[in-house]
Amino acid sequence: MKTIKGPAVFLAQFMDSKPPFNSLEGLCQWAADLGYKGIQIPTWETSLIDLTKAGESKDYCDELKGKIQSYGLEITELSTHLQGQLVAVHPAYDIMFDNFAPEAYKNNPKKRTEWAVAQLKSAAKASRHLDLDVHGTFSGSLLWHTAHPWPQRPEGLVEMGFQELAKRWMPILNEFDEQGVDVCYEIHPGEDLHDGVTFERFLDATNNHKRVNILYDPSHFVLQQLDYIEYIDHYHDYIKMFHVKDAEFNPTGKKGSFGGYGDWIDRAGRYRSPGDGQVDFKTIFSKLTQYGCNVWAVMEWECCIKSPEQGAREGASFIQSHIIEATQKKFDDFAGTEIDEEKLKRILGIK
């Protein structure tokens, strides 16, 4: 068993134009003051990291790492969620997802995808330069619009969709493999990898590529009404990253899992700060520890009620209180005795 590392915080949702949230130094001091030990860096935030330069220069990465360590923090992982999303975009979503790309690549899906792939490859090299073994991202989606289909899906559509998704990701996965870094896909609604079945489909389509792994976030499973505890039993060997984010699902006679196009606060399923929702984190931390999952517990704030400042203040102590120091001995060792084969035979009635 392994003791989960933490607490850490994903910086993405805390970025702002005002100090201390507008610079790496300010965010590091803020996170350290709150008791966090690690930060997960969103690589699309150029005020935090120049991803292309990080992929090219070990010296730049050493300087970045040293700066963060000066605040008593570690980089837990790099994130390319927005770039990963752009590896595979169905044309129906082109206009909305253009917001994730630099101005030079908007209104040009082919160029946008090429940019995203280049970004992921830079992230692989940057992770190695930073001595990171895991990386977090999204898979993107070609099939999400068919998740609840009408008219019905044509035969072979899903298979072709996953073949195409794998085709786009294989060069990226191979680059990560060269760098010795695992790609952890956040299993998330809106992505083609959104539950266990779709993760397995992708794994099959990539010929069980050894770099295909999971960023486990139970909040997304609450919204799907999927058993997020049993999920760990099935996929613990693939869980290499962990987001501590809460959620609740409160259906009524008027709304359920599809949400009625409401704002987050009006939906039956909505995200909450850790401890404010329905996720059983005690069991999750126990399961991940039991299975020896070598992960950082990274607080991700997404709450439609509580402020990010309060969520962050409470998040560090919440995670710390759930981390289990993995035992290195059995509780009944005191009653043990040395092996005596003759005695064992007598206990079993063997002559």
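The model is predicted: local features need pLDDT of at least 70, side-chain atom pairs count only at pLDDT 80 or more, and totals for chains, interfaces and linings use all residues. Residues are numbered from 1 along each chain as its sequence is written, and side-chain values use heavy atoms, with hydrogens and water left out.

**Helix α10**

- Helix α10 spans residues 228–235. Helices are DSSP runs (H or I, at least four residues) and so are strands (E, at least two), numbered from the N terminus.
- Its buried residues are Tyr228, Ile229, Tyr231, Ile232 and Tyr235. Buried means under 20% relative accessible area, with a 1.4 Å probe and protein chains only.
- Seen down the axis of α10, these residues fall within an arc of 155°, so they line one face of the helix. The arc is taken from the directions from the helix axis to the C-beta atoms.
- The cover over these buried residues includes α8 (196–205), β6 (212–216), α9 (219–224), β7 (239–244) and α11 (281–290).
- At the start of α10, a side-chain oxygen of Asp227 comes to within 3.1 Å of the backbone nitrogen of Ile229.

**Lys287**

- Lys287 sits in helix α11. Lys287 is buried, with a relative accessible area of 17%.
- Its side chain makes a polar contact with the side chain of Asp233 (2.7 Å). A polar contact is a pair of N or O atoms within 3.5 Å; within protein, one must be able to donate a hydrogen and the other to accept it, and residues adjacent in sequence count only if both atoms are side-chain atoms.
- Leaving out residues up to four places away in sequence, Lys287 touches Ile229, Ile232 and Asp233. Contact means heavy atoms within 4.5 Å.

**Largest pocket**

- The largest pocket holds about 1800 Å³ of space. A pocket is an open set of points on a 1 Å grid over the protein atoms alone, where a 1.4 Å probe fits, with protein on both sides within 12 Å along at least five of seven lines; lining residues have an atom within 4 Å of a point.
- Its lining has 49 residues, and Trp144, His188, Pro189, Gly190 and Glu191 lie nearest the centre.
- The lining divides into 22 nonpolar, 18 polar and nine charged residues.

**Second largest pocket**

- The second largest pocket has a volume of about 340 Å³.
- Lys5, Thr76, Leu132, Asp133 and Trp296 are the closest to its centre among 16 lining residues.
- Strand β3 gives the most to this lining, with four residues.

Definitions and conventions
Buried means under 20% relative accessible area, exposed over 50%, partly exposed in between (1.4 Å probe, protein chains only). Grid points are joined across faces, edges and corners, and a volume is the space filled by probe spheres set on the points. Ala, Val, Leu, Ile, Met, Phe, Trp, Tyr, Cys and Pro count as nonpolar, Asp, Glu, Lys and Arg as charged, and the others, Gly among them, as polar.
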